[in-house]
Amino acid sequence: MQPDALPLEPLAADAASASGATIVSVSPSNITPASDAVPEVASQAPPDATSLRDAQRIAERIVRDETLADEARERYRTAGLPELEPSALLGMLKAGERLHAVHRMAMLEVGWRGATGADPNLPHGGTLYVTSQRLVHRGTEDGTWSFGEIDEMAVALERLLLVRMRDGSDLAIEVDQPRLLRVQLAAALAASRSVELEPAG
């Protein structure tokens, strides 16, 4: 069943934009973690009760993610983006580039609209970094995408951020807090464009 994508995160503001991204061969992990699994003793519970518990856990995670995203959006408007210690990216950051956010255990899959399928070696696991100039994924395979390459973003399900690129490719990013990541990316994109528009001198 096709999930309903939430409103798109704008690139320069919080207004909605075009329709959701299309992702090739996306398979997010929405199964309850082993630590949350129902004990063997409770396995005789009616299926409806188990489904209800799983749905409640998912809803709680989404609400928590939305709350963190709202708080971050307001904080960035009043105090700007945080600047984190970039030790994990030493040697990779360009002159003047700053680290704003880190998302560990991020799975990333790249697809092409109109293609027969995504790269069979994907998705890649690793850590996702939001800098002042680009999105960086470091792990089993490294990848970088400058903000100028990003066209639009949308959140789907509980853990998936879909990013459409201007070259026709799509990124499916599976993280614990995709709504918070969308806000962080949108804020960094807006800040980078403000810098570009500032008069020289």
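1. Arginine 134. In this predicted model, the side chain of arginine 134 reaches the backbone oxygen of methionine 92 at 2.5 Å. Arginine 134 sits in strand β3. Its relative accessible area is 8%, and because the cut-off for buried is under 20%, arginine 134 counts as buried. Leaving aside neighbours within four places in sequence, the residues in contact with arginine 134 are Met92, Leu93, Lys94, Glu97, Tyr129, Thr144, Trp145, Ser146 and Phe147.

2. The partner of arginine 134. Arginine 134 also forms a salt bridge with glutamate 97, with 2.8 Å between the closest N and O atoms. Strand β3 (residues 134-139) holds the arginine and the loop between α1 and β1 holds the glutamate, so this pair ties together parts that are 37 residues apart in sequence. Both arginine 134 and glutamate 97 are buried.

3. Arginine 61 and glutamate 158. A salt bridge joins the side chains of arginine 61 and glutamate 158, at 2.8 Å from N to O. Arginine 61 belongs to helix α1 and glutamate 158 to the loop between β5 and β6, so parts that are 97 residues apart in sequence are tied together by the pair. The two ends of this bridge can be described separately. Arginine 61 is partly exposed, at a relative accessible area of 31%. Glutamate 158 is buried, at 7% relative accessibility.

4. Aspartate 176 and arginine 159. The side chains of aspartate 176 and arginine 159 meet in a salt bridge of 2.3 Å, N to O. Aspartate 176 is in the loop between β7 and α2, while arginine 159 is in the loop between β5 and β6, so the pair ties together parts that are 17 residues apart in sequence. Arginine 159 is buried, its relative accessible area being 16%.

5. As background, side chains of opposite charge can pair when their charged atoms come close.

6. Six of the seven residues of β5 are buried, so the strand is largely enclosed by the rest of the structure. Strands β5 and β6 run antiparallel and are joined by six bridges. Across this pairing, alanine 156 stands opposite leucine 160 in β6. The hairpin of β5 and β6 has three residues between the strands, and leucine 157 takes a positive phi near 55 degrees there. Leucine 157 is partly exposed, at 32% relative accessibility.

7. Methionine 105. Methionine 105 likewise has a positive phi, of about 55 degrees, although it is not a glycine. Most residues other than glycine have a negative phi. Methionine 105 is found in strand β1, and at 68% relative accessibility it counts as exposed.

8. Arginine 166. Arginine 166 lies in the loop between β6 and β7. With a relative accessible area of 49%, arginine 166 is partly exposed. A polar atom of the arginine 166 side chain lies 3.0 Å from the backbone oxygen of glycine 148. Arginine 166 and glutamate 152 are 14 residues apart in sequence, and their C-alpha atoms are 8.7 Å apart in space.

9. The nonpolar core. The largest nonpolar core has 31 residues, among which Leu171, Ile173 and Leu185 touch the most other members. Two or more residues of this core come from each of α1 (47-79), β1 (99-112), β2 (124-131), β5 (150-156), β6 (160-165), β7 (169-174) and α2 (178-197). Helix α2 gives the largest share, eight residues.

10. Confidence. The protein chain has a mean pLDDT of 78, and 68% of its residues reach 70 or more. Over residues 1-8 the pLDDT is below 50, and this stretch has 20 contacts in the model beyond near neighbours in sequence. Residues 10-42 also stay under 50 in pLDDT, and for them the model has 69 contacts beyond four places in sequence. Where pLDDT is low, the predicted coordinates should not be read in detail.

Methods: Residues numbered from 1 in each chain as written. Predicted model: local features only at pLDDT ≥ 70, side-chain atom pairs only at ≥ 80, totals over all residues. Heavy atoms only, no water. Core = buried A, V, L, I, M, F, W, Y, C linked by side-chain atoms within 4.5 Å. Buried < 20%, exposed > 50% of the residue type's maximum accessible area, 1.4 Å probe, protein only. Helix = DSSP H or I, 4+ residues; strand = E, 2+ residues; numbered from the N terminus. Salt bridge = Lys/Arg side-chain N within 4 Å of Asp/Glu carboxyl O. Pairing = 2+ DSSP bridges. Polar contact = N/O pair within 3.5 Å; in protein donor to acceptor, adjacent residues only side chain to side chain. Contact = heavy atoms within 4.5 Å. pLDDT = per-residue confidence, 0-100.
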